[in-house]
Amino acid sequence: MAEYAKSSVYVARYHVEHNGGDLTLAKELLEPIASSNAEEVTQATDLLKKTRAALLKMQTEAAQHGPGGSASQAGVL
């Protein structure tokens with residue numbers, strides 16, 4: 001589990017902090033580690049908070065722009 005936790009945190013960090021972009025994967029990797037007794041639990045918990053905040057921001061922006069794209073494009077044929 002120790003090597004898996006280290007690797008998972010490393011991959012998640014890439015996606016969250018270095019524009020890897022797959023925040024869903026990062027969340028899936030971090031959740032079991034953040035709730036474990038692995039040495040990386042603190043790192044995983046901190047990254048998980050950042051990941052959830054970034055996902056929430058993306059969802060909020062998508063809701064504001066609607067399914068048709070950006071707000072500036074809304075209503076344009």
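A nonpolar core is taken here as a set of buried Ala, Val, Leu, Ile, Met, Phe, Trp, Tyr and Cys residues joined through side-chain atoms within 4.5 Å, where buried means under 20% relative accessible area, exposed over 50%, and partly exposed in between (1.4 Å probe, protein chains only). The model is predicted, so local features need pLDDT of at least 70 and side-chain atom pairs count only at pLDDT 80 or more, while totals for chains, interfaces and linings use all residues. Residues are numbered from 1 along each chain as its sequence is written, and side-chain values use heavy atoms, with hydrogens and water left out.

The largest nonpolar core has 13 residues, and V9, V16, L30, I33, A44 and L47 have the most contacts inside it. Helices α1, α2 and α3 each supply at least two residues of this core; helices (H or I, at least four residues) are DSSP runs, numbered from the N terminus. In soluble globular proteins, nonpolar side chains tend to be buried together.

Helix α2 (residues 23-34) has 12 residues and spans 16 Å from its first C-alpha to its last, close to the 16 Å expected from 1.5 Å times one less than the number of residues. Its buried residues are L23, A26, L29, L30 and I33. They lie on the same side of α2 because they cover an arc of only 130° around the axis, the arc being that of the directions from the helix axis to the C-beta atoms. The cover over these residues includes α1 (2-17) and α3 (41-65).

In helix α1, A12 is buried at 0% relative accessibility and touches A26, L29 and L30. The C-alpha atoms of A12 and L48, 36 residues apart along the chain, are separated by 8.8 Å. S8, also placed in helix α1, is buried with a relative accessible area of 4% and touches L29 and I33. V16 is in contact with L23, A26, L47, K50 and T51.

The whole structure contains 4 salt bridges, each a side-chain nitrogen of Lys or Arg within 4 Å of a carboxyl oxygen of Asp or Glu. Within helix α1, E17 and R13 are 4 residues apart, and their closest N and O atoms are 3.7 Å apart. R13, E17 and K50 are linked in a network of salt bridges. R52 is partly exposed, with a relative accessible area of 44%.

How values were computed. Contact means heavy atoms within 4.5 Å. Lists of a residue's contacts leave out its neighbours within four places in sequence.
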